[in-house]
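This briefing concerns a ligand site and a pair of packed helices. Please view the structure below before reading the points that follow.

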Amino acid sequence: MTTPTQQHDILLQIRNLNKNFGGLKAIQDVTMDLPAGVITTLVGPNGAGKTTLFNLITGHLVPTSGTVHWLGQPLKGIEPWRIARMGIARTFQDLRLFSHMTVEENIMSVMERSSWLWQGGRAAAEKRVNEILAETQLTEKRLERAVDLAYAERKFLSLARIMASEAKLWLLDEPASGLDPRSFERFVALLRDYASRGITICIIEHNLDIVIKLSDRVAFLDQGKLLAQGSSQDILKDPHLAAIYFGDRS
Ligand SMILES: Nc1ncnc2c1ncn2[C@@H]1O[C@H](COP(=O)(O)OP(=O)(O)O)[C@@H](O)[C@H]1O
Ligand SMILES: [Mg+2]
């Protein structure tokens, strides 16, 4: 049997990563890889350190010790905007859309920062925006302001912005939370489609239904430590992990 690491190139390599906030050890000696084209879900109770791990990858936080390498290059000391340009895009739990811009402007603003407009000219950029709008079913909302969208539409707009970034690695912080079942199915299909085209995805997710349907691999974090990695079946059927996950440590 081959493991994902044997089948795929490792894009992101995390080694012995630690982050302390004063006396709190938010991330403790975490070592993990994100292989190309694989969907990894990061699960664990509230406060486990999931968002902190994202912040350490994207340069929003500086590790206390340990390393993160992207395509073989250390990310130490590189500013978040530069890391984003290197191909690592993220969403935030609070989405951080430009509320008073239209759907289209929210997407275009990302593309202006990436290479699209410059390489293929305005026509290529507009074609790509139309594709993204169609894939996220936001075509009819393109001229509406983000603030006026329904909840699920805002979630899809956040994803549309990631799609527009042309990033190779997507870090998604609870992207599907609160989606209705139909939106959820569309969401899963869209992420699977992009993963099959070689996009590497790491998702923080609480909904175990999503974890099971979406993940190639699950990484379980608790109190800053990576307790286990494996298939969703292996992780979710482990009674010890289930007890931690559901808050029963007795
Ligand atoms: N900037 C910060 N300063 C101090 N403590 C923080 C900071 N960010 C997170 N923490 C703490 O680190 C721990 C992990 O937080 P977080 O990564 O947000 O957890 P999760 O996303 O898994 O719910 C929590 O105890 C949280 O209070
Ligand atoms: Mg979080």
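In this predicted model, a backbone N or O atom of Gly49 lies 3.0 Å from an oxygen atom of ligand 1, a polar contact being a pair of N or O atoms within 3.5 Å. Local features need pLDDT of at least 70 and side-chain atom pairs pLDDT 80 or more, while totals for chains, interfaces and linings use all residues. Residues are numbered from 1 along each chain as written, chains are lettered from A and ligands numbered from 1 in the order written, and side-chain values use heavy atoms, without hydrogens and water.

**Contacts and burial of ligand 1**
- An N or O atom in the side chain of Lys50 is 2.8 Å from an oxygen atom of ligand 1.
- For Thr51, a polar side-chain atom lies 2.9 Å from an oxygen atom of the ligand.
- Ligand 1 exposes 560 Å² when taken alone, and the protein buries 58% of that (Shrake-Rupley method, 1.4 Å probe).

**Shell around ligand 1**
- Strand S2 (24-35) and helix H2 (50-58) are the elements that give two or more residues to the shell (DSSP runs, helices H or I of at least four residues and strands E of at least two, numbered from the N terminus).
- H2 provides the largest share, three residues.

**Helix pair**
- The axes of helix H4 (residues 103-113) and helix H6 (residues 151-164) come within 8 Å and cross at roughly 25° (lines fitted to C-alpha atoms over the stretch in contact, with angles from 0 to 180 degrees between N-to-C directions).
- H4 and H6 are therefore roughly parallel to each other (angles under 35 degrees).

Conventions
A polar contact is a pair of N or O atoms within 3.5 Å; within protein, one must be able to donate a hydrogen and the other to accept it, and residues adjacent in sequence count only if both atoms are side-chain atoms. Angles under 35 degrees count as roughly parallel, over 145 as roughly antiparallel, 65 to 115 as roughly perpendicular and the rest as oblique.
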